[in-house]
Amino acid sequence: MSKSEKKKKESILLRLGNSQVWKSIIRSGVPRDRRGRMLSVLNSVFLHLHPVRMPKHAVKLKYTWCMGGLSFYIFLVLTITGILLMFYYRPTIEYAYTDMIDLREQVPLGIMREIHRWGAHLMVITVWLHMFRVFMTGSYKSPREFNWVVGVMLLTLTLLLSFTGYLLPWDQLAIWAITVGTNMARATPFLGHEGPGAALLSIGDINLVHAGSDVRFALLGGRFVGEAALLRFYVLHCIGLPFIIVIFMAVHFWRIRKDGGISTPL
Amino acid sequence: MAEKIESNQERLYDISKLNILFAVSSIIFLIVLIWTFSADHSRSWKDLQLQFRQLQIEKTNVRLAEEKTTLSELGEYKEIADRLEKAHEEFQKKSDEVVIAEDTLFSLKARLSKVEQTYNFAKADFDAVKYEYEVAQAHDLDNVESLKKKFESLQNQLYDDLLIQQQAEKEIENQTAKVQEFRSEIKRLENEKNELTQQTDILGSKLEKIDPAHMTFSNKIANAIRDLPFLDFLSPYYKVDQVVIKDLTDNVNFTRVPKVDRCMTCHKGILKAEFENDEQPFKAHPNLDLFLSSKSPHPVEEFGCTSCHGGRGRGTDFVSTVHMPSSPEQEKEWEEKYHWHQLHHWDSPMLPMQYVEASCFKCHSNETSVKYADKLNLGLNLIERSGCFGCHKIDKYKDRPKAGPSLEKVASKMTKEWAYNWISDPKSFRHNTWMPRFFNQSNNNDEDSQNRTNQEIHAIVHYLFKNSSEYGMDSVPIKGDAKNGELLVSSLGCLGCHQIAPDPLNQKTSIETLRKEQGPNLVGTGSKTSLNWVYSWLKDPQKYSSSTRMPNLRLTNQEAADIASYLSSLTKKGFSEKSIPSVDEEVLDEITLDFLKKMNSDEDSRIKRAEMTFEEKLDYNGEKLIRMYGCFGCHDIPGFENNKPIGTELTFEGSKLVEKLDFGFIEISHSREAWFTQKLKEPRIFDRGKVKLPDEKLLMPNFDFTDDEITAIVTALIGFVKDEIPESKIPERNERNLAIEAGEELIRIYNCLGCHTIDGEGGAIRPTIVAWLEGIAGASSAEDASLIQSFAPPILDTEGRKVQPEWLFNFLNRPTMIRPNLQVRMPTYEVISDKDWNKIIKYFQLKDGQTLAYENPHQISKSSSSYMAGDVIQDLGACNNCHFYGSTKPKQAALTWAPNLSLTKERLRSEWVLDWLRDPQAIIPGTKMPTPYVPIDEQIEDVESAWGKDVAKLHPDSEAMLKALRDYLWGIEGQQDVSAIVKRHLETEGYGFIVEDEEDEW
Amino acid sequence: MDLIKSVINTLASPTILFTLIIVTFFFIFPLNDWFYRWNKRLKLDSFWTNRGGIKMFIILLVFFAFGLFDENFRLIVLKPDNVPIVGLIFLVAFFTWLSMKQAVDNDVHIENNENVNEYSDPDDKVLTWPDLVYIELIALVLCTVLLIVWSIGLQAPLEEPANPTLSPNPAKAPWYFLGLQEMLVYFDPWIAGVLFPSLMIVGLMAIPYLDTNKKGVGYYSFKQRMMAVSLYMFGWLVLWVLLIIIGTFLRGPNWNFFGPFEYWDLHKLQPLTNINLSEYVYIIWFSTGMPDNILLREIWGILLILGYFLILPPLFAKTWLKNLYNRLGNFRYSVFIILILFALSMPIKMYLRWMVNLKYIVAIPEYFFNI
Amino acid sequence: MDDQKHLEHEQNKPEDAERSTENPEEMKQSEENSTEMKIAEKKEIEPKKPEVPKKKLEKGPTKKRASIGKGSILVEPIKRRSFFSWLTLAWVAFTAATGTFFGMMLRFMFPNVLFEPKQTFKAGYPDDYTIGEVTTSLKEKYGVWIIRDTEHIYALSVVCTHLGCTPNWLQNERKFKCPCHGSGFRKSGINFEGPAPRPLERYKIVLADDGQILIDKTKKFAYEKGQWSDSESYLVV
């Protein structure tokens, strides 16, 4: 704010900032005064997620812990590293595992995989902590009830994203974690073939819900964690769930603004 | 109205109209989506499966009715039913007791459960403490002592609990037995009844599964809904059946993907023998013993369908599977019935049925003859015999001897005129020659071409005769007797490889007929060559051509002269007299220039030609033409020793893409089969309508194959594919199989089966033996199968177990007389190397599971009791009636003579001799050798008194007696080569055929 | 040293650990005024001061530092996929402390009728650019740095290739689901794997609708929303984070419990025999056999479950939770109490298993229906 | 330059106002927003500006109604009968179509064929198995244990009935122990410890024509359903 003195001289940077090209892209030019700063937020498709002005406490890390923002940021990091990993990773039982080895051994900056994996863990933690913070500041209360609900959906989706990604290295850790995890789906009441009530869904000698037609099958594309499961998890992980989570995120962010911005004491 | 106006403020559309529009579009949307389901749901294979189900229901109903009638007529069944009823009544009477017993059992079980619980808890505690105790002990912890105490007390307690539990179990066991006792009778009867009704029950339960008429109500509902659209993922009845074969692959160019065959989705009955007589697509496979069934060598789970039949295995409808019709009629039928058209987007369409044997070659390519694949075998043999591999490289025929005779010494054999006429039209001299026709074909039969080709033949003949080397022919020393020559030709075995057939025999070509065409048909020999040449040839074929497969029959001068004069008497009238066009230098110049221009500029060519003399031109053209036509592919021609074959390689012809075949202007279906067929039928046809210079024309000669032959050759060609077949699918490449393959190949090359029989194959010569027999002993003898067999070349079954390899090797190199009665003579094959003989011997050995090359000889002692007994037994058996004992002639006439027994110990293997003595018919059915008599049925006293103590010692062990006989055989010594004796005997006494049947003495 | 380890090992055994935590938990996070008084009296709120925080941090740090000298402990803690959980422990501890500290601080302000710390004059706002944007940027950069350092320092795990016929021992779900996996030990999969997760999601979603307390929006506070915070803390810290920690660090081969300093011996045996309620009733108490009729067999369990869910809520509404019931009204109360009863069923079932070896209250394996 | 944006914000206003009637706090917020805007745009005030909000404000109530009409047309009072039926029909059809569409997506997830290994296999001759022993050699390849007791041979599934892990046979303790959650099973397959709700399943086992044991994994026999007495669930030797 107080740096407006710096605009005294027309430096090259400033001329650049006022050029037609620059202004056509970033309308407000270099923010040098109050109006400029406001416009820089208002005019940016990315920054206008934020309001132009905020209560002081909302800027304090002590209050927000920045967990929501970090969660979103890590999501972006995961998207980028994920896209990069997709260039080298083939979701087939022949190649999945060996491609992981190659990412480690041969691919330049294969550290992307580490960033992706640890980032995924970190995102789970930041999302939890974000929820914790929101709870502790009572920010779920009216009028933000629905956004809390959306937030819970986002939490669930985050876990699912992490879970579907867990299978992709196709190592023992992966296959057994997913086996244990998806076996729970077998026990879904009525929809899983070992769930209560599934046995009731039969006509005559024909069992309608069995290992080949239950909800777990729809998830795995087979009776056990195999080639089809790898592919399905891959598709869910790379396209299906991100597609859904982005929609929910859009609603979440939009609702933050529409519900009056960050929660504030009266 | 007023309301409407008001509500239309800020509105463009009338809302009620929009509602209607929305309703209509939503309904259309819904309909379209439902349509999607129904379109997806209706598949041709479902209709077929429905039909098949109907068929199955019909069949099963019929069978069930049959079974039920049988059952109702069965008295046993009624009886059991009655007894069962009675048993039930009996049981009813005791029901009170039963209830009490069951109650007791129930309470006992309750007690057991409780005891078991206690035990389980105790056991778990014990195990945990045991572990802790072990850990403490291992790490010397402080609490070992206390844990030990705890452990021991728990152990004791556990033991007590165990005892209680076991006692409870025992009580239950007893009580259960008691309870079961009441029902035992009923149970037994029910079991009996079930055994009788087993078949009906199976059929009944099958019907309950497939026939709605036999279903329970709820199953009927299930049956009605299980295949509805959307619901059909739950538990459909109609579903796609498939086999996935991981190690057989489809080639998708960049990689190979595991084969997935869904053929059985429509061909539902393919594995069920009961559908053998039904229509396609439900018909069972005609050869389930060989294919598909799990017991066959090619189970469907391991080989699938398309690996043999071709086609797109993943397809599930008629067109997308790329069915291919086997005839134009079928094509028409399919077009009407299935809207068939050939799907061109799959490189390996289904093989039309007549070519299906081609696929056998994929895996069985190393076998000389593939069992059960007659057409393929014929094709392969035809390719070999026609010498296709002379011009077309084919890996399978690598290093095969050339198909035609050597022309290195051709000038000594025939005249230039004969050669000219022969080349221009071989079949006009010999109707069934393998030499194909190069000239007067559809692309060179116009006048200009004929003028040109006439000169070409002149040049070729000129070259051949000019480069022919000297042949030191013998002249016939004795005058030959053509009559005796004829007899010799028919009796010595010449007809195993040759024919003397002046006219076409009009028989279907088969492997058997081909065996007789190993050597040329001998008609017209007299017109072709001289008496001296034939004589010299017979005396020593290798002298004329070192590579010839014609063996040496070790003929005496007289025999050779007889045969030569007989063969020379076979002439072809009018052939040599045919007029020959004169040499035309002008045309010759043209040809010369064409050849020269290929290497030189036009001007240089003319200069070079001008420098040539006439003779040089002939030379030059001859050489170029032989090179062009590739004559050296089949013949040894001086100057062409190292030339490469001129034609396209055919090793993987079956995988050649159809796009790479030039169909020219010929309108035939665009498939490999059609192209091959057309090419073989009329090799130059694809030139039709094309403008080509003489040296650009297609060159393949015409073999005048019959349609059957063409189908067979095409079958083989289609089989020449590049598919990668995993080790697991091809016959194992073990020592045995490799040896057998190598041996079979040699046996094929040298046509052993022209005379011998192995495993029922071969013996092409037998009909001529019959003819000979008829001539010498009359018609009745000629019908006696065992007699024919005794005069035919020997059957070589069990040869590997039978003879000692070392003896066999010597025999093959220098054949000696074994069967004194035989006229047929084992020839000497000088051309076969030791290495190849070894292969052949190994073949016999490994085929019979004989792996040892060297064995300990069978040892006997002439003073042993066994030997002595053997002596008595051979006497009893009167072996000397037929067998030579060294130089001692058999007692009976030459007709029944059998091998010299003094050969035995060097020739035969002792184990085999024992098997042979035990039952000769089991080894060679139809042999005239009887089972030797051994005295085991007699009383021992009689035996001892009649035949002495040595035999009696062995009584009544027939095996021991046969062993004794064998010991005796091993002791027989004396002259081995009795050929002189035999010859003298036959000359003086003949065979001694007796027209009436004679009662055997033994 | 060994003594300390064995003490910690003993303390870590589930029965003791769980009991300790459950007993003390509501004194630390008081559920109502009674607990709150005790909390004050025991000075348990001193956790939420700077000093308390530092103490807690030091204890944790010392524990881990000390633990790292132990081979068994090191092996588990430094397993790549377990590292996030170590991070989680510190983060959760820190943020719990941070939020509680601010809450307690604000409680004092509220009691004194002062503005809460977060309060600022509505007109006195700051511009987003550059303050917020800037600290966000810094946070992102630091987060990226953390991530990269973590990635360089620790390779992501890659074990042997997948083998569907060989389960690793123990086979664990991803760490964030270990809470669920731990529940699977005590419940049938359809409850632990399907019902509980669904209820958790539903329950979380229901929070804003159940919590009718208008106070406490936009600032950290405890006293105003004591019950809500404490219940949330219980679910979050005990039923979720603690179970994850147990599942990660204390569950070893054959899913046996191991103390943090205990060697994961494949052959360790624990008495785990357990039996169903119906077996207790018919075999052990009545000494009759099990009835064949399923309904008859399981009637006791079914009655018990029905009683738990149908009788307890009105009972509580009339007695203990009278105020709550009045405040929430019929529907909200019902949902709330059912969710709470479900959450409570978890520790209840655990104790039943530990104390009386009860396997299932209702066991109908014929229809995959066990409770 | 800022026309567009300006317009947007103005448009938002009435809606904000609408909602904020319920929420005074929010109203404050949105007011703030608008004041914010005013400050932001002071320098670029254009003549149009006052017009726009005015117009909007005038139209406010009408627009509100219209917007309700857009969202839920049912409120519209006109021609109730006719449009009610059309609209009902429309929505029923639309809902059904949407349902069908989701049905398509669901059905798409269940392929008509599976590429899974064969479920039927031969397991040698009965004499290959020792009485009283658990044969673990087929576990890896086929996923069964074959157990022979004094009278029977049976094939036990290697899938834990708890969560599908693969238990191990502990020869010394004579039990199957699942590594995932510690379930224990006896040699017969009956569970006795840990969370496993029911015994291991047995597979169909019969003698093939060639005298070999044929195991069919598609047919399972569950103890708790009394299926272990089924004649195909064991082989009498």
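A residue counts as buried if 20 or more other C-beta atoms, placed from the backbone, lie within 10 Å of its own; 12 or fewer make it exposed, and anything in between is partly exposed. By that rule, 34% of the 371 residues in chain C are buried. This is a predicted model, in which local features need pLDDT of at least 70, side-chain atom pairs count only at pLDDT 80 or more, and totals for chains, interfaces and linings use all residues. Residues are numbered from 1 along each chain as its sequence is written, while chains are lettered from A and ligands numbered from 1 in the order in which they are written.

**Chain C overall**
- Chain C has 13 helices and three strands. These are DSSP runs numbered from the N terminus: helices are H or I with at least four residues, strands are E with at least two.
- Its C-alpha atoms fill a box of roughly 75 × 55 × 40 Å along the principal axes.
- Two residues are in contact if their C-beta atoms, placed from the backbone, lie within 7 Å. Of the contacts in chain C with a separation of 6 or more, 65% link residues 24 or more positions apart.

**Where chain C meets chain A**
- On the chain C side, 74 residues are in contact with 84 residues of chain A.
- Elements that each supply at least two residues to this side of chain C include helix 6 (83–111), helix 9 (189–210) and helix 10 (226–250).
- Helix 7 of chain C gives the most, with 16 residues.
- The chain C side divides into 50 nonpolar, 12 polar and 12 charged residues. Here Ala, Val, Leu, Ile, Met, Phe, Trp, Tyr, Cys and Pro are nonpolar, Asp, Glu, Lys and Arg are charged, and the others, Gly among them, are polar.
- Strand 1 (residues 53–55) of chain A pairs antiparallel with strand 1 of chain C over three bridges. Pairing requires at least two DSSP bridges between the strands.
- In this pairing, A:Pro55 stands opposite C:Lys125.

**Chain A domains**
- Chain A splits into domain 1 (1–53) and domain 2 (54–258). The bounds come from an automatic or database domain assignment.
- The C-alpha centres of domain 1 and domain 2 of chain A lie 39 Å apart.

**Strands in chain B**
- Strand 1 (residues 243–251) and strand 2 (residues 256–261) of chain B run antiparallel, joined by six bridges.
- B:Val244 stands opposite B:Val260 in strand 2.
- The two strands form a hairpin with four residues between them, and B:Asn253 in the turn has a positive phi of about 75°.

**Strands in chain D**
- Strand 10 (residues 213–221) of chain D pairs antiparallel with strand 1 (residues 120–122) over three bridges. D:Phe121 stands opposite D:Ile215.
- Strand 10 of chain D also pairs antiparallel with strand 9 (residues 202–207), over six bridges. There, D:Leu207 stands opposite D:Ile213.
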